[in-house]
Amino acid sequence: MTVSAPSVGDRAAVDFASLLSTRASRMNASAIREILKITQQPDVISFAGGLPAPELFPLEDVRRAADTVLTKYGPSALQYSTTEGHLPLREWIANRAGITPGHVQIVTGSQQGLDLLGKILINEGDVVLVEAPTYLGALQSFQPYGPQYVEVPTDEHGIDTDALEGVLRANQAKFLYAIPNFQNPTGRTLSLERRRRLLELTAQYGVLVLEDDPYGKLRFTGEELPNLYELGLEMVGGDPDRNHVIYSSSFSKTLVPGLRDAWVQAAKPIIEKLVQAKQGADLHTPTLNQMIIAELVEDVLPRQIKTVKQAYGVRARDMVARIREFLPAEVEHTTPEGGMFLWMTLPGEIDTQPLLAQAVERKVAFVPGSPFYALGGGHNTMRLSYSSATPTQIETGIRALGETIRAAME
Ligand code: PMP
């Protein structure tokens, strides 16, 4: 086909929209980001954002580590480095997981891990199983690759594994995306019994599990549970190349999010593809950032985890107490054992999208739950974050939320 060039005089304005790829047309602005814009008025108490508490960041430790690293490594701290990631950091991760550094890929935030995994796993039309509700950012990452989502029902113990069996039988799925610990958005935790059942079922049907675990270390109450990756490894006699679980975690919630350091653990064939995908995406995660994190993992990280857990535990208990005090009894809420979020279900006639505007008038904000459902629904749900709220904000904000909900129920 030949295309004749328009003469300079009648050059049409470029129609950018028509030139965008099909992939681009599947992308849309995060519903949460749009919502956050209206909640970011200075006098509004916002439980909407999911930000780690900035006053807890180990500022001085990061400053010291940056200095140490620049002295220790010199110019190589500022040089290009390997796509797989800074070896001492990969070794530290691998040792803790009982695997080799060859099974660990450093990524620029676990968000990048989700995107790259979507890129190497999802063909257009592939069935991807997701929790209902699930992490909105994962839906955003997978969406451009054209998955067909099938939702797996959840209850207070996480994924309903009886329902999962039916879903697996009815669909030829590629992978199950799961957040077993203190899930974003609900704060729920998958029980041990269900973890085992989930692994048996997915293995039986030849379906991969993508375990997203940024919050696992932030348990402030109850007993620590083995993650799916560990249980998956156990099932195959400790051979990481036969584990059907791909594990993703991050330093964002335990240390700081701004350095954008996270990792993926998986069988070699997955890691090898991930390396190639990452090369095309950003060559490697910033060298200096990885070195700083590696400097902090031994001493600062455990101390920091203790501090953060303690603070979030106090805030979560406080928020739950205020919910019981100020919210109508008809409102159901989760009681998280860790992490940063809790979830509320309002009486069915209330739609939390229009409710948000009324709440903002009363100077409090939340995230409506609907965007967290891959297939829609959940119009009467909302997510609240307690991670960066003070006691006064919790008291005033939940009281205002109670007034807003009561007014809507009248
Ligand atoms: N997964 C989940 C479940 C999350 O909640 C988040 C952050 N909100 C991420 C992944 C991304 O985290 P990061 O890119 O900072 O590691």
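Reply: A crossing is called left-handed if the near helix is turned anticlockwise from the far one by less than a right angle, and right-handed if clockwise. Helices here are DSSP runs (H or I, at least four residues), numbered from the N terminus. By these terms, the crossing of H4 and H12 is right-handed.

The model is predicted: local features need pLDDT of at least 70, side-chain atom pairs count only at pLDDT 80 or more, and totals for chains, interfaces and linings use all residues. Residue numbers start from 1 along each chain as its sequence is written.

Helix H4 covers residues 59–73 and helix H12 residues 287–296; their axes lie 9 Å apart and the packing angle is about 110 degrees. Axes are lines fitted to C-alpha atoms, for helices over the stretch in contact, and angles run from 0 to 180 degrees between N-to-C directions. H4 is therefore roughly perpendicular to H12, a term for angles of 65 to 115 degrees.

On the H4 side, the contact involves Asp61, Val62, Ala65, Ala66, Thr68, Val69 and Tyr73. Their counterparts in H12 are Leu288, Met291, Ile292, Glu295 and Leu296. Contact requires C-beta atoms, placed from the backbone, within 7 Å. By class, nine residues of this contact are nonpolar, one is polar and two are charged. Here Ala, Val, Leu, Ile, Met, Phe, Trp, Tyr, Cys and Pro count as nonpolar, Asp, Glu, Lys and Arg as charged, and the others, Gly among them, as polar.

For context, a UniProt record (unreviewed entry) places the feature "domain: Aminotransferase class I/classII large" at residues 56–401. Over residues 56–401 the chain is 43% helix and 16% strand (strands being DSSP E runs of at least two residues).

How values were computed:
Parallel < 35°, antiparallel > 145°, perpendicular 65-115°, else oblique. Contact = placed C-beta atoms within 7 Å. UniProt positions renumbered as here; feature names shortened; annotations may be inferred.
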